[in-house]
Amino acid sequence: MDERNRKFAEMIVNYSCSVKPGERVLIDEVGVTAKPLIKELIKAVYKAGGYPFLGLSDATLNREIIMNCKREQLEYMRDYQLYQMKGIDAYIAVRASDNTSELSDVPSDKLNMYNEVLQPVLDERVNNTKWAIMRYPNYSMAQLAGMSLEAFEDFYYNVCTLDYEKMSKAMDPLVELMNKTDKVRLVAENTDLTFSIKDIPAIKCDGKYNIPDGEVYTAPVKDSVNGTISYNTVSEQQGFTYENIVFTVKDGKITDAKANNTERINKLLDCDAGARYFGEFAIGVNPYILNPMKDTLFDEKIAGSIHLTPGASYEEAPNGNKSSLHWDLVLIQREDHGGGEIWFDDKLIRKDGIFVLPELEGLNPENLK
């Protein structure tokens with residue numbers, strides 16, 4: 001494990017964040033089980049000539065804070081966290097919570113206020129630092145994946161340390177095609193949705209930010225989305241597990257939302273004016289991730305998947321939508337999950353999870369392993 005953590009840490013520091021001498025690096029541990037990787041990250045930052053700083057938090061204690069928080073308290077928290085983030089060159093977060101449902105019973109109005117007030121800290125980190133976010137292979141993660149800890153550790157390090165440079169080159173033709181595309185159509189079981197991505201940049205995610213990585217994303221033109229989408233992957237948000245999510249969309253806005261808890265999902269989507277609009281459209285291509293494990297960092301990279309995200313767009317692919325929400329919801333279009341198609345300007349580009357255009361075949365799973 002120590003050797004695998006050392007190699008992983010050096011990849012994060014040297015490739016994902018490209019830490020240079022004199023740069024300040026904030027290493028954030030969420031939970032208590034990731035110390036072996038945190039130690040290797042600190043060593044790797046020093047080895048690269050950077051200055052490591054440490055942040056520690058815990059979901060159980062954060063729950064106690066949020067349960068009774070006040071806006072003026074959160075505003076002070078925002079101010080000092082924002083001051084710190086503005087002085088940081090790179091941010092590395094290792095999430096290792098023992099219970100991914102720890103926030104499930106926190107009132108939605110408290111969670112929405114917490115996310116809204118602290119949004120500027122997230123914006124500063126995403127837009128103005130080099131950053132990498134990852135999980136740590138603990139018992140909680142193994143349980144989500146339905147695997148023993150030993151088997152999950154093997155899976156985790158294979159997934160997270162694949163040849164990202166090879167993947168990056170294979171993504172280039174898809175980026176080029178998306179940058180020339182206007183109309184997108186998504187077809188799957190109980191799904192028929194159209195939107196435009198015209199003039200919004202396509203961005204490849206090739207091991208520089210979220211780890212594991214493996215997606216190309218853009219954003220839909222805000223008011224262009226029309227139709228119905230049924231997500232076939234469960235998603236945990238604010239500690240609650242949503243299933244069977246179905247959105248009806250008109251002129252960009254989610255006009256009808258259903259799930260295993262329809263009342264709760266509508267309260268979430270009513271958190272602010274932008275939450276019922278979409279801020280991201282992405283295509284997942286990681287060949288080692290095939291099945292959902294109720295963890296967005298993994299699930300959004302599933303080979304043969306797409307995600308269409310209610311909430312804020314990213315600065316690199318902006319569509320003007322602002323929100324405290326950014327919720328990556330996944331639809332797997334492989335044949336073993338019901339199949340599906342992606343069309344760009346009336347041309348089929350992927351069917352049942354397999355790219356059919358010759359220039360995109362390098363992104364099919366057998367060619368990325």
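**Ground rules.** I number residues from 1 along each chain as its sequence is written; side-chain values use heavy atoms, with hydrogens and water left out. Because the model is predicted, local features need pLDDT of at least 70 and side-chain atom pairs count only at pLDDT 80 or more, while totals for chains, interfaces and linings use all residues.

**Entry 1: α1 against α2.** I took helices (H or I, at least four residues) and strands (E, at least two) as DSSP runs, numbered from the N terminus. I looked up helix α1 (residues 2-16) and helix α2 (residues 35-47). Their axes come within 8 Å and cross at roughly 50°. That makes α1 oblique to α2. My axes are lines fitted to C-alpha atoms, for helices over the stretch in contact, and angles run from 0 to 180 degrees between N-to-C directions. Under 35 degrees counts as roughly parallel, over 145 as roughly antiparallel, 65 to 115 as roughly perpendicular, and the rest as oblique.

I then checked which residues meet, with contact meaning heavy atoms within 4.5 Å. From α1 I noted Phe-8, Ile-12 and Val-13 among them, and from α2 the partners include Leu-37, Leu-41 and Val-45. By class, the contact of α1 with α2 has nine nonpolar, one polar and four charged residues. For the classes, Ala, Val, Leu, Ile, Met, Phe, Trp, Tyr, Cys and Pro are nonpolar, Asp, Glu, Lys and Arg are charged, and the others, Gly among them, are polar.

**Entry 2: the parallel sheet.** I traced an open sheet of five strands with parallel pairing, in the order β2-β1-β3-β4-β8. Its edge strands are β2 (51-57) and β8 (210-211), each pairing on one side only. Two strands pair if DSSP finds at least two bridges between them. Strand β3 (residues 90-96) and strand β4 (residues 130-135) run parallel and are joined by six bridges. I picked out Ile-92, whose bridge partner in β4 is Ala-132. Helix α2 turns up again here: α2 lies across β1 (24-31), β2, β3 and β4, and runs at about 180° to β1.

**Entry 3: the antiparallel sheet.** I found five strands in an open sheet, ordered β7-β9-β15-β16-β17, with antiparallel pairing. β7 and β17 (329-332) stand at the edges with a single partner strand each, so one side of each has no neighbour in the sheet. The twist averages 25° from one strand to the next. Three bridges join β7 to β9. In that pair I saw Ile-203 opposite Tyr-217 in β9. Helix α8 (residues 164-180) packs on this sheet and touches β7, β9 and β15 (278-284). The direction of α8 makes about 25° with that of β9.

Entry 4: Most residues other than glycine have a negative phi, and most peptide bonds are trans. I listed the exceptions below.

A cis peptide bond joins Ile-211 and Pro-212, with omega about 5°. Pro-212 sits in the loop between β8 and β9 (215-218).

Asp-199 has a positive phi of about 70°. Asp-199 lies in the loop between β6 (191-196) and β7 (203-205). Asp-199 is exposed, at a relative accessible area of 70%. My cut-offs are buried under 20%, exposed over 50% and partly exposed in between (1.4 Å probe, protein chains only).

Asp-352 also has a positive phi, near 50°. I placed Asp-352 in the loop between β19 (347-351) and β20 (354-355). Asp-352 counts as partly exposed, at 24% relative accessibility.
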